[in-house]
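Please look over the structure below.

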Amino acid sequence: MMIETVNLTKCYGQLQALGNLNLTINQGDIFGFIGPNGAGKTTTMRILATLLEPTQGQAFVDGKNVLTHGKEVRRTVGYMPDFMGVYDDLKVFEYLEFFAAAFDIPAKQRKSIVEGVLELTDLEGKKTAAVDSLSRGMQQRLGLARVLIHDPKVLILDEPASGLDPRARIEIRELLRELKKMGKTIMISSHILSELEEICDYVGIIEHGQLVFSGTLDEIWKKLGTHSKVRVTVVDEHKAKAIELLNAVPEIEQVVEQKSHLLVNFTDGQIAGSVVAKTLVGGDVDIVSIEPEKMKLDDAFLQLTKGMVH
Amino acid sequence: MKHTFIDRVYDAVTLSWLTGPIFSKELRISSRRKRNYFLRSSYLLILLIAILLAWEAMVHSYSSNVVYRVSRLSAAGMAITGTVVMVQFYLAILVSVIMLSNAISEEVYHKTLGVLMSTPISMVQVIAGKLLSKLLQLILLVCLTLPILGIVRVFGGVPWEYLIKSFCVTLTAVIFVGIWTLYLSIHQKHAYIVIIRSILGLIVFFFVAPLFFGWLAIGELNVDDDSYLLCVAVTNPMFLMAMLMVELMEPRGMPFATNSWWIVHCLMMLGISTLLFIRAVTVVRKKALLQACGQLDDGGKTKRRSKTEKLGKIHHVKGPPVLWKEWRDSRLKMGGAKRIIACLLVTGSILISYAIFENENFLDDDYCHIMYAMIFAGLSTFLTAIFAATTITSEKASRTWPALLCTLVTDWQIIWGKVIGVLRRSTLFWGILVLHMTIFILVGYIHPAALPHIVMIAMPVAFFTTCSGVFFSSLFKHTTSAVVANMIFVALLWAGVPFFATIIGGIFFRGSDVLIETVVMTNPFYYLIEVLDDIAGKGDASTSWSRLRYSWAVGGKMNFIEATVLLWVVASAYIVTGLGFLKIVKMRLRKNIV
């Protein structure tokens, strides 16, 4: 287990930002952290990055307590805040070298390490550019380069793709996949849920400082029952016959006719596809396609959260 | 929507045609900002102290005889009025600089300037709205003293004419300084840099330029002294106010009569202000257009082209990273050419002043060097206070603070890196004081013993001011708040406390100076004055080391060794207090991270 929080609670005066949050992230996973604005994502990430002290509870990174072993945790974690600040009047290379020095990397190794992360983040051509002259996308990449400079085991990325154009977002996504291959554990928050869906192994949904759900995407679909829906498309002439046949099957709860297809609800999702196929083939219905009904993460998010924010 | 006749009349009366909705928005925001209340309270407090001081000096301290006091009322009236008017004049200028230091940069930084461009609000309304909303608050402050001055006038001796003249000169000066600061805020996002530049600009306009032209006109072109002074009075509100004060207190000492010249001055200041206003409107319009088109970066600068991005050499990090970064940070954000011009201006002004004073045979006088030392030390303290107060808040503002705190750099490395960086930047300014001393020691106008003593006075002042600045920087979120707090703290400590001590001593310790004497013995500026008073000047400069005598307010006369020990004790006290500030900074460094 790389990240663990136990009854993590954080209060700002009267306001409770986190309430007994229990979270676990395994080594090498990409964990998507989702929640409405003000749900407590950034607070959780800041506690894990040793920037905030929890009011109650404990948080561990790589088995080390963030409160008592701050320095070791900082060595393990690379934290990229939601808004990346840059120093005026520093060049890209100098900026990264500064953070390399701040992470106690010996002077002799700094040059090669900085060049390595510049190559990884595709910023080699910008190494003499002033950091404050970079575009937003470039600055986000530079932020990623910065968190990689000390080769941390854990990356905590708060909205790394916010405000980026589609190309830059795809590039960041590819970079994260690359980092996963390198064995990094990544905790990432984003409002662009479709992107998280593509790269995350696990997802945590937080609302009002409470973890509403945590698990794999498959577990979400199971919880929401999306596996028990099948989308069936048959030739138009056989549509009525297909409805009649399917309604007669005891495992099928309901058949809903939609514009171009039929939506079949099952009591047991495991057997759905085969039952439909057998029934329709046996009834001599010409099938165009049978596919499980896909639910998007956005829809799952809407169903699991109630839109409660602070 | 059509405007009715009544709407138009209302607009004309309330000046909303000139200011638009910006004016009311600014007034609304002002009422919600704590620092405005703090500024106003400080303004009134300082005025109150000035009145009490003038009263104490002119009436209370002379005698307990009621008849005698009544006979002094007319002189007290003049002194109180003159003091209030002068203090108010400088305070109003300072407050207007602070209030308008982020007038436009705030809009640029929050990216609302481009948004304003897409509304029917004109740029004239933006500038006028910003300017008038701040000036209105200031004018109300200035007007607050009118009833006091009216009451004081009953004592006699103060003509109405003086009040009207000084009020008009103050008003036009405040308008000019306000527009000047607003204009500077278009080009710079950091309010504290605007404050420094605005004050330096005013020093150049109203102190350095008159000195230079005076040297040129009187010394080189043989222009008549009185004619030149009249020219300065017409163009320089500071000088005109000083002349009005002389006219009030000692009419015979006037080199010329102000007559209607003050009207010419006021009209001229308004004319220059109008030109600056027009220029500000043009520049802001350009900025707004650039921002609306996405051509302006977060700092309000035009986005650089890729060619310029690639210029320059990479400087590799050496030693502790925070110290390396702070060491190379100039903080004044001046480019190479501007820096050279600034250095030339400063050096030129100092040399010209030397030439003028040499001509007047004043350079061998101890008071001349006290004056120089106070100016150099005052300015250096002022700049050190500003640099120190920006150290942590600027990281918070640029959002680099969390990134830095996530590294392995320890809290003490960060704090000491910041402190040493500030000391390094301010060394240049303190160096001018030391250089001045060295030159005149070599010339033979100051005793060599002054040099180690001046260093022993300057060092703890710089360190203490830096530590208090870093403390305020860790306390506040905004740079301007930290800068203003540190400046006020330093001013109160070394100027305010002695004033208070004088008043309290005068009231409660009649006939005894024990309180003020004790207070000044903790004040490094007092030691600066005393050291130079005792061992500077042509007569004292050649005294042998064993015969050197320092007379302090407490402890009587001391020789060089005793004086050195005393200065070490005072310096140590300031250094220990400074370390105390740093300890507090360490405790709260990781609190309230943005």
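Why does A:Arg141 count as buried? Its relative accessibility is 14%. Buried means under 20%, so A:Arg141 falls on the buried side of the cut-off. The model is a predicted one, and this value is computed from it.

**The surroundings of A:Arg141**

A:Arg141 sits in helix H5 of chain A, which covers residues 136-148. Which residues touch A:Arg141, leaving aside its neighbours within four places in sequence? They are A:Thr121, A:Asp122, A:Leu123 and A:Glu171.

**The two chains**

Chain A has 11 helices and 14 strands. Chain B has 25 helices and 2 strands. The table sets out further values for each chain.

| Property | Chain A | Chain B |
|---|---|---|
| Share of buried residues | chain A: 53% of 310 residues | chain B: 49% of 594 residues |
| Accessible surface | chain A: about 13,700 Å² | chain B: about 27,500 Å² |
| Part of that surface on carbon and sulfur atoms | chain A: 48% | chain B: 70% |

Chain A also has its extent described. Along the principal axes, its C-alpha atoms fill a box of roughly 75 × 45 × 30 Å. How many charged side chains does chain A have? There are 35 positive and 43 negative ones. The centres of these two sets lie 5 Å apart.

**The contact between the chains**

Between them, chain A and chain B bury about 3,300 Å². Carbon and sulfur atoms hold 58% of that buried area.

Which residues of chain A lose the most area to chain B? They are A:Leu51, A:Tyr87 and A:Phe98. Together these three residues make up 18% of what the chain A side buries.

Salt bridges are the last item. Across the interface of chain A and chain B, the rule finds 0 of them.

**In short**

A:Arg141 is a buried residue in helix H5 of chain A. Its listed contacts include A:Asp122 and A:Glu171. The interface of chain A and chain B buries about 3,300 Å², with 0 salt bridges found across it.

Key. Residues are numbered from 1 along each chain as its sequence is written. Chains are lettered from A and ligands numbered from 1 in the order in which they are written. This is a predicted model: local features need pLDDT of at least 70, side-chain atom pairs count only at pLDDT 80 or more; totals for chains, interfaces and linings use all residues. Side-chain values use heavy atoms; hydrogens and water are left out. Helices (H or I, at least four residues) and strands (E, at least two) are DSSP runs, numbered from the N terminus. Buried means under 20% relative accessible area, exposed over 50%, partly exposed in between (1.4 Å probe, protein chains only). Contact means heavy atoms within 4.5 Å. Accessible areas come from the Shrake-Rupley method with a 1.4 Å probe; for residues, only the protein chains shown count as cover. Lys and Arg count as positive and Asp and Glu as negative; His and the chain ends are not counted. The place of a charge is taken as NZ of Lys, CZ of Arg, CG of Asp or CD of Glu. Buried area is the accessible area (1.4 Å probe) that two parts lose on being put together, summed over both. A salt bridge is a side-chain nitrogen of Lys or Arg within 4 Å of a carboxyl oxygen of Asp or Glu.
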